[in-house]
Number of protein chains: 2
Amino acid sequence: MTATAAPEHLDRTVDDVARRARETFDGLSRTAPGARAAALRDAAAALADHADELVAIAQSETGLAEARLRGELKRTQVQLRLFAHVVTDGAYLDVRLDEADSDFVLGPRPDLRRTLWPVGPVLNFAASNFPFAFSVAGGDTAAALAAGCPVIVKAHPGHPRLSVRVAELVSAALTEAGLPEFALQLVTSQDAGVALVEHPAVRAAAFTGSQRVGQLLAARAAGRPEPIPFFGELGSVNPVLASAAALRERGSELLDGYVASVSGSAGQLCTKPGFLLVPEGTRYDDAVAAAAARVPEHRLLNPSIADGYERRVAEVLGVDGVRVVHGGGFRRAADGQALVTPTLVAVPLDLLRSAGSVLLDEVFGPFSVIVEYPAEADLGAAVAELFPGNLTLTLHLGDGETGEEQGALVTRLARHAGRVLLGGWPTGVAVTPAMQHGGPWPATTTDGTSVGTAAIGRFLRGVAFQDAPQELLPPPLRDDNTWDVPRTIATRGESLGW
Amino acid sequence: MTATAAPEHLDRTVDDVARRARETFDGLSRTAPGARAAALRDAAAALADHADELVAIAQSETGLAEARLRGELKRTQVQLRLFAHVVTDGAYLDVRLDEADSDFVLGPRPDLRRTLWPVGPVLNFAASNFPFAFSVAGGDTAAALAAGCPVIVKAHPGHPRLSVRVAELVSAALTEAGLPEFALQLVTSQDAGVALVEHPAVRAAAFTGSQRVGQLLAARAAGRPEPIPFFGELGSVNPVLASAAALRERGSELLDGYVASVSGSAGQLCTKPGFLLVPEGTRYDDAVAAAAARVPEHRLLNPSIADGYERRVAEVLGVDGVRVVHGGGFRRAADGQALVTPTLVAVPLDLLRSAGSVLLDEVFGPFSVIVEYPAEADLGAAVAELFPGNLTLTLHLGDGETGEEQGALVTRLARHAGRVLLGGWPTGVAVTPAMQHGGPWPATTTDGTSVGTAAIGRFLRGVAFQDAPQELLPPPLRDDNTWDVPRTIATRGESLGW
């Protein structure tokens, strides 16, 4: 613990917080990769050292299961360490050097050197459903710090004590590792979050949450005198499409997997499959009901999410033609929290079209809709019409269904999601270089990703230096390349063949 | 000439144009790199084959000099050919392959393969001041076609005949090279442009023009039910800062270069230096006036730009304390076009602060402001306060001025511009891999670049495929890598050391 612990910050005005982030930027943006990577690893170690304490707080504040929280805390550490690798590797800077070229095809070319560079202080709105991995020290924070941006986290009210404790531990670890003070700051009030989106010192914002709040904040970011990028993850229903052959070959495994994916963490995952599309005539009732009946009661994250879940489920059940396959439980405990079991319903494809948003909008919780499609349905067209923007789309095919028809369908699906799965379930999100967690609106407000190493790109901007003396260049652009980053060089004379 | 020539398109409704772009996307996005590259080269060749005709039309429509237009046409061809290289190289796809890994630190990792992929139909608003290089077949069109996106160009009314002729030639060349029909379409009315920004088939827009129009269009792009990215280049005043030593060592060359950079193409360049900052006491009047007096009369692009120029110059001259160093000419020819020579004025630094936007806003034309700063001024702070967002910032230093003070200033400047020049002039924009033509608001609406090979990134989005059979993957993600693109591979087992 140091003087930079979070509770002290909570009392500061928004202006103070923003000013400190701005002042910190200068030093932080110039830290060498090794120092920044070491600080990220130390932050991961600080979380690991306090795992028991942190998981206990998280359990009491969120109702999530211990095993899930331990796994999520591990993931959070891995995210920090993965970005330490990204920083020392240096490929993320996309360094490009143009050699000066007096023979350039369009006339003498200067010495030009371009790198991606941190954008400035980043405001990160924490999510409720991942109290570690998408919160104070989560993926957005790790990516922004790795980029060299000071981070201000707006804590989620669903886990306030955990947020403060994680901020204390991580802030202390970063400072003790030698990063400038205030690389990570925490604010807790909604007013502070809104004010910071509009503060001139803040240069980018990241958000994971509801479409309604995300749109409000995005409008504020866009309405500033100088608009800033707003990376919002707003909502996704993650349809899963199953072919007749897939159901014939492994129907029972598929339906069990579906219910498990819908029910894990009480369905409070951004990649929960909100729809399963099966051919008309598929028999699924008994298997789905049996699997759902085996799912134990699970607490929802907080009363506000419980209210929304109760309301949305009632809306869907109120639509004529919606058939209940398994009716789940919903009861309020003495402390106001809700305990639920999964609810699965079924509709014909046509009803989705006619009922519109009441059926199509996300239901956040252990609820999903089985959609029966006619054998002759054009599934690509149906996705384009009904599910145009998602984090994931999943296609379960039978053995050997790898022909032109399926290829065209996959091409089509890839236009409407950031990740296309062939088999499996979308609720496991690998934290790796090739992950894409972001898709067409409303999945995300832009085409970035908030999971995986490419997430760092959201907090960088291109800067080129022309004819600069070595001493005035940032280290990755100098001839001696002391940061040892990969660089793409455009050599003199190469344009003569153009 | 083929049936896809532009005039036929002009009669089609906006819906038809948008629908065709959408239908074209499917085929275009799947063309092999070699085919797309060959088509881009053929388009360049078509322009070269008709250079005399095109330059003659451009001269009559824009008043730009023949040598400038021939250079610009050459640049436009080089841009197309450069993007042909980018396409065949394939690095722009940023392909990442995660090997499936049962030992992954967070539990079994699937086979995950990510590529950047074309975003869909792109709407490109042509600029007035580069009738070739930022117009129908200009940089934005080349980048979007290279990415695999169909392009709809909204022609600029300043060069209507040229726009149609270029569209005819390029459209025919692309189709004859085997690309799907309607890869390039042209619309001419303002209403069509506005309607297309809001059309669901359009997935991204690029714009070069005024801040006022750019903001209106950006708001429409953001206000759609599904917002789309809007890449606007809106305005830049490109300050040039000269140290006392630089002026002592090469004052005469520096002042000559300044006037030349202000006056080239009658100052109608997005990188024209709108401000030159010199220390108080610098003697520049005679040199600047003499250089300006040597600049021949030049036509402004069109009467609308002439009106804006006349108005803005009058506004600046109306500010108390603005001193005229060289008063330029402005006269209307019989055809309504304006003929001008450069005007240079001088102000003390303090006046910029107190007068605000009337002095600070861009004056599009051969006009610039010399700003006298006190020896003790903090130039970094002055730039942050007065010139926070620019395409370029230029610093002229004396021999050996490469110490910590200058390093800190360069770091500061790099926050407020996309390109920082050490010496030289910003009005030459190299078309190369390391160019960055885009900077903080209002220079551009996002941190992309519209010049150089990195410009292709604006028209791509990330898509990941999980556990997909080889046959269902796009070619750059298949094991056999028939497109021969560079790929970054995360190997199994690598996470064990994390």
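Author: In this model, which is predicted, the C-alpha centres of domain 1 and domain 2 of chain A lie 32 Å apart. The domain assignment gives domain 1 as 6-103 + 111-234 + 451-460 and domain 2 as 240-422.

Reader: How do you know how many residues of domain 1 of chain A are in contact with domain 2 of chain A?

Author: Two residues count as in contact if their C-beta atoms, placed from the backbone, lie within 7 Å, and by that test 8 residues of domain 1 of chain A are in contact with 10 residues of domain 2 of chain A. Sorted by class, the side of domain 1 that touches domain 2 has 1 nonpolar, 5 polar and 2 charged residues.

Reader: Why is Phe367(A) called buried?

Author: A residue is called buried if 20 or more other C-beta atoms lie within 10 Å of its own; Phe367(A) has 24 C-beta neighbours inside 10 Å, and therefore counts as buried. Phe367(A) belongs to strand E15 of chain A, residues 367-373.

Reader: What does Phe367(A) touch, not counting residues up to four places away in sequence?

Author: With those residues set aside, Phe367(A) touches Gly267(A), Val313(A), Pro342(A) and Thr343(A). As for Gly327(A), which is 40 residues apart from Phe367(A) along the chain, the C-alpha atoms of the two are separated by 9.6 Å.

Reader: What makes strands E5 and E7 of chain A stand at the edges?

Author: The sheet they belong to is an open one of 5 strands, with the order E5-E4-E3-E6-E7 in chain A and parallel pairing. Strand E5 (184-187) and strand E7 (230-233) of chain A each have a single partner strand, so one side of each is left without a neighbour in the sheet. Between neighbouring strands of this sheet the turn is 15° on average, direction ignored.

Reader: How do you know that strands E3 and E6 of chain A pair?

Author: Pairing requires at least two bridges between two strands, and strand E3 (residues 122-125) and strand E6 (residues 204-208) of chain A have 4 bridges, in the parallel sense.

Reader: Which strands pair with E1 of chain A, and in which sense?

Author: Strand E19 (residues 487-490) of chain A pairs with E1(A) in the parallel sense over 4 bridges, and Val95(A) stands opposite Arg487(A) there. Strand E2 (residues 112-118) of chain A runs antiparallel to E1(A) and is joined to E1(A) by 3 bridges, with Leu112(A) in E2(A) as the bridge partner of Asp98(A). Both counts meet the requirement of at least two bridges. Within strand E1 (residues 95-98), Val95(A) and Leu97(A) point one way and Arg96(A) and Asp98(A) the other way, and all are buried.

Reader: What makes up the side of chain A that touches chain B?

Author: The contact involves 63 residues of chain A and 63 residues of chain B. Elements that each supply at least two residues on the side of chain A include helix H5 (66-89), helix H16 (404-413) and strand E18 (460-466), and the largest share, 6 residues, comes from E18(A). By class, this side of chain A divides into 33 nonpolar, 16 polar and 14 charged residues.

Reader: How do you know that E18(A) pairs with a strand of chain B?

Author: The pairing rule asks for at least two bridges, and 3 bridges join E18(A) to strand E17 (residues 417-422) of chain B, the two running parallel. In one of the bridges, Ala464(A) has Arg419(B) as its partner.

Reader: Where in chain A is the pLDDT below 50?

Author: The mean pLDDT of chain A is 95, and 97% of its residues reach 70 or more, but over residues 1-11 of chain A the pLDDT is below 50, although this stretch has 24 contacts in the model beyond near neighbours in sequence. Where pLDDT is low, the predicted coordinates should not be read in detail. The model scores ipTM 0.96 and pTM 0.95.

Terms used: Residues are numbered from 1 along each chain as its sequence is written. Chains are lettered from A and ligands numbered from 1 in the order in which they are written. This is a predicted model: local features need pLDDT of at least 70, side-chain atom pairs count only at pLDDT 80 or more; totals for chains, interfaces and linings use all residues. Axes are lines fitted to C-alpha atoms, for helices over the stretch in contact, and angles run from 0 to 180 degrees between N-to-C directions. A residue is buried if 20 or more other C-beta atoms lie within 10 Å of its own, exposed if 12 or fewer, and partly exposed in between; C-beta atoms are placed from the backbone. Domain bounds come from an automatic or database domain assignment. Ala, Val, Leu, Ile, Met, Phe, Trp, Tyr, Cys and Pro count as nonpolar, Asp, Glu, Lys and Arg as charged, and the others, Gly among them, as polar. pLDDT is the predictor's confidence in each residue, from 0 to 100.
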